[in-house]
Every structure is written in C-alpha cells, then in structure tokens.
Amino acid sequence: MANKSKIPNIAEIMESIKSGKIWKDFTKQVTESQIWTSSFRHGYADTPRNRVLQIASNVWLHLHPVKIHRHALRIKFTWCMGGITFLLFLSTVVTGVILMFYYRPVGEYAYFDMKYLQYDVPFGMLMRNMHRWAAHAMVITVWLHMFRVFLTGSYKPPREFNWVIGVFLVTFTLLLSFTGYLLPWDQLAMWAVTVGTNMARGTPFLGHEGPFQEFVPLISARYDMRSALLGGSLVGPPALLRFYVLHCIFIPLVAGALMIVHFWRIRKDGGISGPL
Amino acid sequence: MAFPAKKKAAQELPEKVHVWPYLVRLEFLCAIIVILVLTVWSIVIDAPLEEAANPTKTPNPSKAPWYFLGLQDILVYFDPWFAGVIAPTLIIVGLMLIPYLDVNPKGNGYYTFSERKTAICVYTFGFLVLWIALIIMGVFLRGPGWNLFMPWQYWDPHKVVALVNVDLPYAFGIRTYLNASIFGGAVVLGYFGLGTAVYFFMERKAIKNVGFLRMFLKINLFLIMIGIVIKITLRLAFNIKYIWVTPWFNI
C-alpha cells in the first residue's frame, strides 16, 4: 500500500499549475529522458558567463556587443528600422538568387522569363512578389531609419562618419531598387527607366542636352552621360544587361561592403547613440 | 502604493543589459513579424507586370519609380540639369555634410525638439514636404501630360492647360535678351548674396567658433532648398517660367 502512487486531487493540481511546479516536473521528465540526454551533451545554465559566450562565440551573433544600454532595447527609441532594413535586404538577396535561376537578362527572353516565372515556376510568383515588396519596403524603412537617426541627433560626434556611410547606403538602396525596376522588361519598367535616365541628358558638361556641353568635345546623343548608363541612346537590350549586372552583382557587393563598415562603426563609435 | 515601489525598482536596474537574451529575443520577434507580414502581403498582392516593353509606344503619363517622383515633380519647375542631376547631387552631398555643419552639441542621442529647433524644422520640412509630399502628389495626382488631377477627376489625356508662363524679367517689362540675362542674374545672385550676408550679420558672433566655410555652406544649402520652394510658388502663383535665362542654362 505504501508504494502505490497517490492520485492528486483537483486542489493539488491547481496548486502545482499556479506555482509552476507542473512545468518544472515536465521539463525534468523530458530533459532526463534517454532520448534527450543522448542527443544533448550538456544543458544551458543561464549564467552571466554563458550569456556573454552566446554572443561572443557565435559567428552570426557576435556582430552585437555582449552588453548594451537599456535604452537601446526600447522600440520607441530605435523604431527598429535599421534592423528591419537589413532583414529586408537579406530577404531580397535570398529571393533574388532564386529569381536569377529563371531569368535571363536578354531582350528576347526577359519578358517571357517573367511570364514563365509567374505562371509555370512553382512559387515563382510568390518569390517575385516577395522580392519586389521587400525592395519597396526597404526604401521606406531606410528613409524612416534615417529620419529616426536625425531626430535623435545620432549623427553627432563621434558618429559623423557613420552617418556619411549611411547616406551612401540610402543612395545605393535607391539605385538597387531603380536598376531592378528595369528587369521585368515590361512597359512599366522600360518607361520608368527612360524617364529616370533621361535626366542624365541634362548633366552639365557630360550630357548632350546639358549646360556647357558645347565646351566638351565628342559629346553627342550616342556618347554622353546617359549613353554611358544605358549602353546606347535608348533603353534597349544593352541597358537591360547593364542594369542586370549592376543590380545583381556590382551594387549588392558595394552596398554589402558598406553595410559591414556601417555595422562595425556602430560598435567602434560606442554602440548605438544614447543620452550621455 | 504599488506604483512608487515599481519606479524605485526600475531605478535600481543596472544601466547595461545582456544582449543575450534581451536584445536577441526582440530582434527574433521583430524578424518573425516582418517576414510574416511580407509573406502575407506577397500572397495577397501580386507585383505588377504590364505588357512587354515597346519602345514605339510611350505611355502617358510616363512615371519614374515612385521614390523618384519628388524629383520628377520638380521637373515642372526646373530644367533636367537641375531637377535630375544637380538637385539629387546636392541632396546627397548636403545630407552627408549634416554632421559637419550642425555644430550644436545638444540633442546627441535622445529626442528633443526644444534644444535643436532649427535643425529639426529644416530636416522635417525637406523630408516630409519636399520629398514625401511631392512623391504622394506624383503618384496620385499627376495624370496625362503630367497635369494635376484630383483623385475624383477623370484622367483626360486631352486636357488642355493654357501655357501662359513668362520669364521673370519679361514680367518686369524687360524685353531684350541681354537685359533679361543681366536682370535674372542679378536676382539670382542677389538672392544668394543677400541671404548669405544677412545670415552672417545675424550670426556674426558665431563666425569665430563655427567657422566661415561651415556657415557659408550651411546657409547656401538652405537658400537652395528655400529657392526651390520660392520657384514653385512663383510658378503656381504668378506663372513665372524662368528667373534667369542665359545662352547656356536657364534657372
């Protein structure tokens, strides 16, 4: 009779739920089971040393300092916009690589590859949508990030240079979005880029319709600032290839390099800004 | 009674916290929410794909990507060399110069309006009015021929808008090209010269500390920004096309 386990009554069960004992018992049962102990060699003790090691010894997380000011956690202070911008950039990289498997930046193929992507490739439409909406959202979040950084005066010493890097990154975000805008090779793409690049005709000295171009020899509609962007005098197949290479290789590499500097400088300049 | 006790507890909290778990869990939560919203958005709304590119068929209106529509809109008031080349360059360079021009040590790392009124007013005006508001106008209100249409109006491609714009010197009765050039130049250079002089006079005590170059760049970037607003106002209110005409460029 003494060995028979006692059936708990309702009051005891309620008490164990209230005190959290039921969860402890459950965790104990799981973590002491043979499956668990054979899978995991040791537990995680929530000690200050381990908290530091979680960050310092992890290649992905060590971008962070191990400790930060309490105010840096407040969404009201950071708006979380810098982090979201980076996350959206990563989303466009992942979806962009998938899109590259199906897309050829050639005048004859590009538009039909878009149709193929949308109607025949499994999840092709979803990948395209995610890529495009993440890119648009990234433009908005990077502006808001910049606005927040301005409003908190975070560009002030010692963070002046990181603001300059940030302005480069805003510019490259817009250029990434703009070069990607041409790739669907539809009417929307071609004419938006026509409008955008037509501005380069007016470049002083270097555009064939710009001020003072008459003082620069050899400037013509075929050889000026705009044709350097387009690889011709109109938005044609050479422009498509040029924008593709800029969009998929050149600008992401430059922007990526600048992001590394941007994040590194946050640490070196003493973490994210705060009241001194 | 509970409230003061809680407040006291908050004061006793350490100033610094561990990134693991306090920041990492926030970032993780934020990432989940963003990815979730992006996925739902992408399932519900398809990215646009119009008919195949056709260089012989120009849509009316032809619009740049939405984030450049602020610049496309000031094309109404300025020639492409300014609206499409100089203005964006000045925006980028001007933004980069902000930390070097703003020498106010206050408001570093916290929200304050009272300690840096001018800086916040200028930036907010540039961002919300000259950038965001013009984009909203460009996306929703600019129709065929880049004419203004209210949201309830039909986008009539044959809408006739009388072009009665004249240059500023003409409005002042100057009829010869040379005189018009001289008059326009005097107005434009006078605007910048006078603006700079007034600013330097008002802030004469600060020149020694702030530095001449810094103050010169600050006021002239500001005058360019306000100049854009003045030009827009002149066009909308008085149908002024150019202020300064020269054989090489027009402003």
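User: Why is B:Arg214 called partly exposed?

Analyst: B:Arg214 has 17 other C-beta atoms within 10 Å and is therefore partly exposed. A residue is buried if 20 or more other C-beta atoms, placed from the backbone, lie within 10 Å of its own, exposed if 12 or fewer, and partly exposed in between. The model is a predicted one, in which local features need pLDDT of at least 70 and side-chain atom pairs count only at pLDDT 80 or more, while totals for chains, interfaces and linings use all residues. Residues are numbered from 1 along each chain as its sequence is written, and chains are lettered from A and ligands numbered from 1 in the order in which they are written.

User: Where does B:Arg214 lie, and what is its separation from B:Leu101?

Analyst: B:Arg214 belongs to helix 9 of chain B; helices are DSSP runs (H or I, at least four residues) and strands likewise (E, at least two), numbered from the N terminus. From B:Leu101 it is 113 residues away in sequence and 5.6 Å away in space, C-alpha to C-alpha.

User: What makes helix 4 of chain B and helix 9 of chain B oblique to each other?

Analyst: Their axes come within 11 Å and cross at roughly 140°. Angles under 35 degrees count as roughly parallel, over 145 as roughly antiparallel, 65 to 115 as roughly perpendicular and the rest as oblique. Helix 4 and helix 9 of chain B are therefore oblique. In their contact, B:Leu90, B:Gly94, B:Leu97 and B:Leu101 of helix 4 meet residues of helix 9, including B:Arg214 and B:Leu217; residues are in contact if their C-beta atoms, placed from the backbone, lie within 7 Å.

User: Why is helix 9 of chain A called roughly antiparallel to helix 4 of chain B?

Analyst: The axes of helix 9 of chain A and helix 4 of chain B come within 8 Å and cross at roughly 165°. This makes the two helices roughly antiparallel. Among the residues in contact are A:Trp163 and A:Val167 of helix 9 of chain A and B:Leu95 and B:Met96 of helix 4 of chain B.

User: How do you know that strand 1 of chain A and strand 1 of chain B pair?

Analyst: Two strands pair if DSSP finds at least two bridges between them. Strand 1 of chain A and strand 1 of chain B (residues 16–18) have three bridges, in the antiparallel sense. Within chain B's strand 1, B:His18 stands opposite A:Lys67.

Methods:
Axes are lines fitted to C-alpha atoms, for helices over the stretch in contact, and angles run from 0 to 180 degrees between N-to-C directions. Two residues are in contact if their C-beta atoms, placed from the backbone, lie within 7 Å.
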